[in-house]
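Please open the structure in a viewer and keep the sequence at hand.

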Amino acid sequence: MPRFCANLGFLFTEVPFLDRFERAARAGFTGVEYMSPYDYPAAELARRLRDNGLQQVLFNLPSGDWATGERGLAALPGREAEFRDGVERAIDYACELGCTQVNALAGVPRPGLRPQEIRLTLLGNLRHAASRLAEAGIRLLVEPINSRIDMPGFCIDTPKKALSLIESVAEPNLWLQYDVYHAQIMEGNLARTLEANLERIAHIQVADVPGRHEPGSGEINYPYLFALLDRLGYAGWVGCEYRPQAGSEAGLGWLKGVAPAPAMPRAEALAAG
Ligand SMILES: O=C(O)[C@@H](O)C(=O)CO
Ligand SMILES: [Mg+2]
(Lines give C-alpha, C1' and ligand atoms only; values in the text may rest on other atoms or scores of the structure.)
(Ligands and ions follow the chains in the order given, each with its own letter.)
Protein backbone atom coordinates (compact mmCIF):
# COMPACT_ATOMS: atom_id res chain seq x y z
CA MET A 1 0.00 0.00 0.00
CA PRO A 2 1.52 3.36 -0.97
CA ARG A 3 2.13 6.04 1.69
CA PHE A 4 -0.74 8.50 1.52
CA CYS A 5 -0.56 12.08 2.72
CA ALA A 6 -3.45 14.51 3.20
CA ASN A 7 -3.65 17.63 1.07
CA LEU A 8 -4.84 20.26 3.54
CA GLY A 9 -6.11 22.54 0.78
CA PHE A 10 -8.62 19.86 -0.21
CA LEU A 11 -9.23 17.68 2.87
CA PHE A 12 -10.48 18.78 6.29
CA THR A 13 -11.62 22.13 4.94
CA GLU A 14 -14.53 21.85 7.40
CA VAL A 15 -12.18 23.49 9.94
CA PRO A 16 -9.76 26.47 9.72
CA PHE A 17 -6.42 25.74 8.07
CA LEU A 18 -4.29 25.42 11.19
CA ASP A 19 -6.75 22.96 12.75
CA ARG A 20 -6.53 20.64 9.74
CA PHE A 21 -3.19 19.22 10.93
CA GLU A 22 -4.82 17.64 13.96
CA ARG A 23 -7.75 16.34 11.89
CA ALA A 24 -5.34 14.74 9.42
CA ALA A 25 -3.38 13.04 12.20
CA ARG A 26 -6.56 11.82 13.88
CA ALA A 27 -7.67 10.31 10.57
CA GLY A 28 -4.44 8.29 10.49
CA PHE A 29 -2.27 10.36 8.12
CA THR A 30 1.43 10.73 8.92
CA GLY A 31 2.17 13.30 6.21
CA VAL A 32 0.56 16.47 4.85
CA GLU A 33 0.93 18.65 1.77
CA TYR A 34 -0.63 21.95 0.75
CA MET A 35 0.05 24.57 -1.87
CA SER A 36 1.15 27.57 0.09
CA PRO A 37 2.65 27.89 3.59
CA TYR A 38 3.49 31.56 3.16
CA ASP A 39 0.45 33.07 4.89
CA TYR A 40 1.59 31.55 8.19
CA PRO A 41 4.80 31.86 10.19
CA ALA A 42 6.97 28.83 9.51
CA ALA A 43 7.45 28.32 13.27
CA GLU A 44 3.68 27.99 13.76
CA LEU A 45 3.40 25.42 10.95
CA ALA A 46 6.39 23.53 12.35
CA ARG A 47 4.68 23.41 15.75
CA ARG A 48 1.49 21.97 14.22
CA LEU A 49 3.52 19.31 12.44
CA ARG A 50 5.45 18.42 15.57
CA ASP A 51 2.44 18.39 17.88
CA ASN A 52 0.60 16.02 15.57
CA GLY A 53 3.48 13.75 14.56
CA LEU A 54 3.21 14.78 10.92
CA GLN A 55 5.74 15.10 8.14
CA GLN A 56 5.59 18.03 5.71
CA VAL A 57 5.71 16.24 2.36
CA LEU A 58 5.34 19.03 -0.20
CA PHE A 59 4.40 22.64 -0.87
CA ASN A 60 4.71 24.96 -3.85
CA LEU A 61 7.10 27.78 -4.65
CA PRO A 62 5.38 31.18 -4.37
CA SER A 63 3.01 31.22 -7.35
CA GLY A 64 2.26 34.89 -8.02
CA ASP A 65 -1.07 36.60 -7.40
CA TRP A 66 -3.57 33.72 -7.29
CA ALA A 67 -6.54 36.12 -6.89
CA THR A 68 -5.85 37.75 -10.26
CA GLY A 69 -5.46 34.41 -12.04
CA GLU A 70 -1.72 33.82 -11.77
CA ARG A 71 -0.83 30.15 -11.43
CA GLY A 72 2.94 30.11 -11.02
CA LEU A 73 5.84 32.25 -12.18
CA ALA A 74 8.32 29.84 -13.76
CA ALA A 75 7.26 30.50 -17.36
CA LEU A 76 6.54 34.23 -17.06
CA PRO A 77 9.09 36.42 -18.87
CA GLY A 78 9.99 39.52 -16.87
CA ARG A 79 9.26 37.93 -13.50
CA GLU A 80 12.60 36.15 -13.05
CA ALA A 81 13.68 38.22 -10.03
CA GLU A 82 10.41 37.46 -8.25
CA PHE A 83 10.78 33.79 -9.11
CA ARG A 84 14.28 33.71 -7.63
CA ASP A 85 13.14 35.50 -4.46
CA GLY A 86 10.43 32.85 -4.23
CA VAL A 87 13.02 30.08 -4.38
CA GLU A 88 14.85 31.61 -1.39
CA ARG A 89 11.60 31.99 0.53
CA ALA A 90 10.68 28.39 -0.18
CA ILE A 91 14.09 27.22 1.05
CA ASP A 92 13.60 29.09 4.34
CA TYR A 93 10.19 27.47 4.85
CA ALA A 94 11.32 24.03 3.73
CA CYS A 95 14.27 24.08 6.15
CA GLU A 96 12.05 25.08 9.06
CA LEU A 97 9.37 22.52 8.14
CA GLY A 98 11.79 19.70 7.34
CA CYS A 99 10.32 19.44 3.84
CA THR A 100 12.51 17.89 1.13
CA GLN A 101 10.51 18.68 -2.00
CA VAL A 102 8.81 21.73 -3.51
CA ASN A 103 6.69 22.11 -6.64
CA ALA A 104 7.23 24.87 -9.21
CA LEU A 105 4.06 25.78 -11.07
CA ALA A 106 4.92 26.86 -14.61
CA GLY A 107 2.05 29.33 -14.93
CA VAL A 108 -0.29 30.82 -17.50
CA PRO A 109 1.77 33.08 -19.78
CA ARG A 110 -0.09 36.08 -21.17
CA PRO A 111 -1.36 35.70 -24.74
CA GLY A 112 0.88 37.07 -27.48
CA LEU A 113 4.22 35.97 -26.05
CA ARG A 114 6.49 34.03 -28.39
CA PRO A 115 6.69 30.31 -27.45
CA GLN A 116 10.49 30.52 -27.62
CA GLU A 117 10.51 33.34 -25.07
CA ILE A 118 8.33 31.29 -22.69
CA ARG A 119 10.51 28.23 -23.14
CA LEU A 120 13.77 30.08 -22.47
CA THR A 121 12.30 31.67 -19.35
CA LEU A 122 11.14 28.29 -18.10
CA LEU A 123 14.50 26.65 -18.79
CA GLY A 124 16.45 29.44 -17.07
CA ASN A 125 14.18 29.55 -14.02
CA LEU A 126 14.03 25.79 -13.53
CA ARG A 127 17.81 25.44 -13.94
CA HIS A 128 18.38 28.09 -11.34
CA ALA A 129 15.82 26.65 -8.90
CA ALA A 130 16.94 23.04 -9.33
CA SER A 131 20.57 23.81 -8.57
CA ARG A 132 19.84 26.27 -5.76
CA LEU A 133 17.44 23.80 -4.10
CA ALA A 134 19.94 20.97 -4.53
CA GLU A 135 22.42 22.94 -2.40
CA ALA A 136 19.78 22.94 0.33
CA GLY A 137 18.99 19.22 -0.10
CA ILE A 138 15.52 19.89 -1.51
CA ARG A 139 14.05 18.37 -4.67
CA LEU A 140 12.41 20.57 -7.30
CA LEU A 141 9.26 19.14 -8.85
CA VAL A 142 7.28 20.23 -11.87
CA GLU A 143 3.59 19.36 -12.14
CA PRO A 144 1.61 19.17 -15.37
CA ILE A 145 -1.89 20.57 -14.76
CA ASN A 146 -4.83 20.08 -17.09
CA SER A 147 -5.71 23.09 -19.23
CA ARG A 148 -9.13 21.69 -20.21
CA ILE A 149 -10.99 22.21 -16.94
CA ASP A 150 -8.92 23.52 -14.07
CA MET A 151 -6.30 25.85 -15.54
CA PRO A 152 -6.98 27.04 -19.09
CA GLY A 153 -3.76 28.36 -20.60
CA PHE A 154 -1.46 26.51 -18.16
CA CYS A 155 1.63 25.99 -20.27
CA ILE A 156 2.87 22.61 -19.01
CA ASP A 157 -0.40 20.72 -19.21
CA THR A 158 0.63 17.13 -20.04
CA PRO A 159 3.10 14.65 -18.55
CA LYS A 160 4.63 14.40 -22.01
CA LYS A 161 5.46 18.13 -22.06
CA ALA A 162 6.77 17.98 -18.48
CA LEU A 163 9.03 15.01 -19.25
CA SER A 164 10.44 16.68 -22.32
CA LEU A 165 11.01 19.86 -20.30
CA ILE A 166 12.83 17.87 -17.60
CA GLU A 167 15.05 16.41 -20.29
CA SER A 168 15.84 19.84 -21.74
CA VAL A 169 16.56 21.40 -18.35
CA ALA A 170 19.02 18.54 -17.79
CA GLU A 171 19.39 19.07 -14.05
CA PRO A 172 19.52 15.94 -11.90
CA ASN A 173 17.46 17.73 -9.22
CA LEU A 174 14.34 18.25 -11.37
CA TRP A 175 11.58 15.66 -10.91
CA LEU A 176 8.07 14.99 -12.11
CA GLN A 177 5.04 15.46 -9.86
CA TYR A 178 2.51 13.12 -11.45
CA ASP A 179 -1.04 14.16 -10.60
CA VAL A 180 -3.15 11.26 -11.84
CA TYR A 181 -6.30 13.40 -12.09
CA HIS A 182 -4.71 15.96 -14.46
CA ALA A 183 -2.92 13.21 -16.39
CA GLN A 184 -6.13 11.28 -16.99
CA ILE A 185 -7.91 14.37 -18.35
CA MET A 186 -5.10 15.29 -20.75
CA GLU A 187 -3.43 12.05 -21.72
CA GLY A 188 -4.68 8.85 -20.08
CA ASN A 189 -2.29 5.90 -20.48
CA LEU A 190 -1.72 6.08 -16.72
CA ALA A 191 -0.21 2.69 -15.94
CA ARG A 192 2.25 2.74 -18.86
CA THR A 193 3.34 6.30 -18.07
CA LEU A 194 3.95 5.44 -14.42
CA GLU A 195 5.86 2.32 -15.37
CA ALA A 196 8.01 4.03 -17.97
CA ASN A 197 8.90 7.07 -15.86
CA LEU A 198 8.88 5.94 -12.26
CA GLU A 199 12.53 6.74 -11.69
CA ARG A 200 11.79 10.41 -12.54
CA ILE A 201 8.58 10.64 -10.48
CA ALA A 202 9.16 12.05 -7.00
CA HIS A 203 5.54 12.61 -5.98
CA ILE A 204 2.07 11.43 -7.03
CA GLN A 205 -1.34 12.97 -6.35
CA VAL A 206 -4.75 11.39 -6.72
CA ALA A 207 -8.39 12.28 -7.37
CA ASP A 208 -10.90 10.68 -9.68
CA VAL A 209 -12.30 11.85 -13.00
CA PRO A 210 -14.81 13.38 -13.47
CA GLY A 211 -15.39 15.67 -10.51
CA ARG A 212 -12.01 15.50 -8.73
CA HIS A 213 -13.54 13.49 -5.89
CA GLU A 214 -12.36 10.41 -3.94
CA PRO A 215 -10.52 7.59 -5.72
CA GLY A 216 -13.25 5.13 -6.69
CA SER A 217 -15.83 7.82 -7.44
CA GLY A 218 -15.10 7.90 -11.16
CA GLU A 219 -13.49 6.24 -14.15
CA ILE A 220 -9.92 5.60 -12.91
CA ASN A 221 -9.06 2.07 -11.76
CA TYR A 222 -7.22 3.09 -8.59
CA PRO A 223 -6.95 -0.37 -7.01
CA TYR A 224 -5.03 -1.42 -10.13
CA LEU A 225 -2.76 1.66 -10.03
CA PHE A 226 -2.00 1.35 -6.29
CA ALA A 227 -1.12 -2.33 -6.70
CA LEU A 228 1.08 -1.36 -9.66
CA LEU A 229 2.92 1.25 -7.57
CA ASP A 230 3.57 -1.40 -4.92
CA ARG A 231 4.77 -3.83 -7.55
CA LEU A 232 7.10 -1.24 -9.05
CA GLY A 233 8.45 -0.37 -5.61
CA TYR A 234 7.37 3.30 -5.68
CA ALA A 235 8.91 4.81 -2.55
CA GLY A 236 7.41 8.30 -2.63
CA TRP A 237 4.20 9.71 -1.18
CA VAL A 238 0.74 9.78 -2.75
CA GLY A 239 -1.07 13.04 -2.01
CA CYS A 240 -4.84 12.90 -1.48
CA GLU A 241 -5.74 15.98 -3.49
CA TYR A 242 -9.45 15.47 -4.02
CA ARG A 243 -12.69 17.18 -3.00
CA PRO A 244 -14.57 14.93 -0.60
CA GLN A 245 -18.11 14.30 -1.76
CA ALA A 246 -19.65 14.14 1.69
CA GLY A 247 -17.19 15.24 4.36
CA SER A 248 -13.48 14.50 4.73
CA GLU A 249 -13.62 11.72 7.33
CA ALA A 250 -16.71 10.14 5.77
CA GLY A 251 -14.90 10.13 2.43
CA LEU A 252 -11.90 8.11 3.61
CA GLY A 253 -13.60 4.74 3.15
CA TRP A 254 -11.73 4.12 -0.11
CA LEU A 255 -8.46 3.92 1.86
CA LYS A 256 -9.67 0.85 3.75
CA GLY A 257 -10.05 -0.97 0.44
CA VAL A 258 -6.43 -0.36 -0.63
CA ALA A 259 -4.59 -3.66 -0.45
CA PRO A 260 -1.46 -3.78 1.72
CA ALA A 261 1.78 -4.11 -0.24
CA PRO A 262 2.65 -7.78 -0.78
CA ALA A 263 5.37 -8.98 1.56
CA MET A 264 8.80 -9.11 -0.07
CA PRO A 265 10.01 -12.66 -0.73
CA ARG A 266 12.59 -13.52 1.95
CA ALA A 267 15.58 -13.66 -0.42
CA GLU A 268 14.78 -10.21 -1.87
CA ALA A 269 14.21 -8.74 1.58
CA LEU A 270 17.61 -9.98 2.73
CA ALA A 271 19.28 -8.60 -0.41
CA ALA A 272 17.61 -5.20 0.18
CA GLY A 273 19.12 -5.16 3.67
O1 LIG B 1 -3.12 19.83 -8.87
C2 LIG B 1 -3.14 20.93 -8.29
O3 LIG B 1 -4.05 21.73 -8.45
C4 LIG B 1 -2.05 21.23 -7.27
O5 LIG B 1 -1.22 20.13 -7.11
C6 LIG B 1 -1.29 22.47 -7.41
O7 LIG B 1 -0.23 22.55 -6.85
C8 LIG B 1 -1.75 23.64 -8.19
O9 LIG B 1 -3.03 23.99 -8.01
MG1 LIG C 1 -1.89 18.38 -8.10
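The stops that follow lead from the whole fold to individual strands and then to the ligand.

This is a predicted model, in which local features need pLDDT of at least 70 and side-chain atom pairs count only at pLDDT 80 or more, while totals for chains, interfaces and linings use all residues. Residues are numbered from 1 along each chain as its sequence is written, and chains are lettered from A and ligands numbered from 1 in the order in which they are written.

**Stop 1: the annotated domain**

Select residues 21-256, where UniProt, in an unreviewed entry, places the feature "domain: Xylose isomerase-like TIM barrel". UniProt positions are given in the numbering used here, feature names are shortened, and annotations may be inferred rather than shown by experiment. The span is 41% helix and 14% strand, and its end C-alpha atoms lie 21 Å apart. Helices (H or I, at least four residues) and strands (E, at least two) are DSSP runs, numbered from the N terminus.

**Stop 2: the barrel**

Display the strands next. Eight of them form a closed barrel in the order 1-2-3-4-5-6-7-8, with parallel pairing. From one strand to the next the twist averages 30°; axes are lines fitted to C-alpha atoms, for helices over the stretch in contact, and angles run from 0 to 180 degrees between N-to-C directions. Two strands pair if DSSP finds at least two bridges between them.

**Stop 3: strand 3 and its neighbours**

Select strand 3, residues 55-60, of whose six residues five are buried. A residue is buried if 20 or more other C-beta atoms lie within 10 Å of its own, exposed if 12 or fewer, and partly exposed in between, with C-beta atoms placed from the backbone. Strand 2 (residues 31-33) pairs with strand 3 in the parallel sense over three bridges, and Glu33 has Leu58 as its bridge partner. Follow the chain from strand 2 through helix 2 (residues 42-51) to strand 3: this β-α-β crossover is right-handed. That term applies if, with the strands pointing away from the viewer, the path from the first strand over the helix to the second runs clockwise.

Strand 3 also pairs in the parallel sense with strand 4 (residues 101-104), over two bridges. Here Asn60 stands opposite Asn103. The crossover from strand 3 through helix 3 (residues 80-97) to strand 4 is right-handed.

**Stop 4: strand 8**

Move to residues 237-240. Trp237 and Gly239 on one side of strand 8, and Val238 and Cys240 on the other, are all buried. Strand 1 (residues 3-7) is joined to strand 8 by four parallel bridges, with Arg3 opposite Trp237. Strand 7 (residues 201-206) likewise runs parallel to strand 8, with four bridges, and His203 has Trp237 as its bridge partner.

**Stop 5: ligand 1**

Which residues surround ligand 1? Select Met35, Asn60, Asn103, Leu105, Glu143, Ile145, Asp179, His182, Gln205 and Glu241. A residue is near a molecule if its C-beta atom, placed from the backbone, lies within 6 Å of it. The shell divides into three nonpolar, four polar and three charged residues; Ala, Val, Leu, Ile, Met, Phe, Trp, Tyr, Cys and Pro count as nonpolar, Asp, Glu, Lys and Arg as charged, and the others, Gly among them, as polar.

**Stop 6: the annotated active site**

Finally, highlight Glu143 and Glu241, which UniProt marks as "active site" in an unreviewed entry. They span 99 residues in sequence, yet no two of their C-alpha atoms are more than 13.2 Å apart, so they gather at one spot. Glu143 lies in the loop between strand 5 and helix 5 and is buried, with 22 other C-beta atoms within 10 Å.
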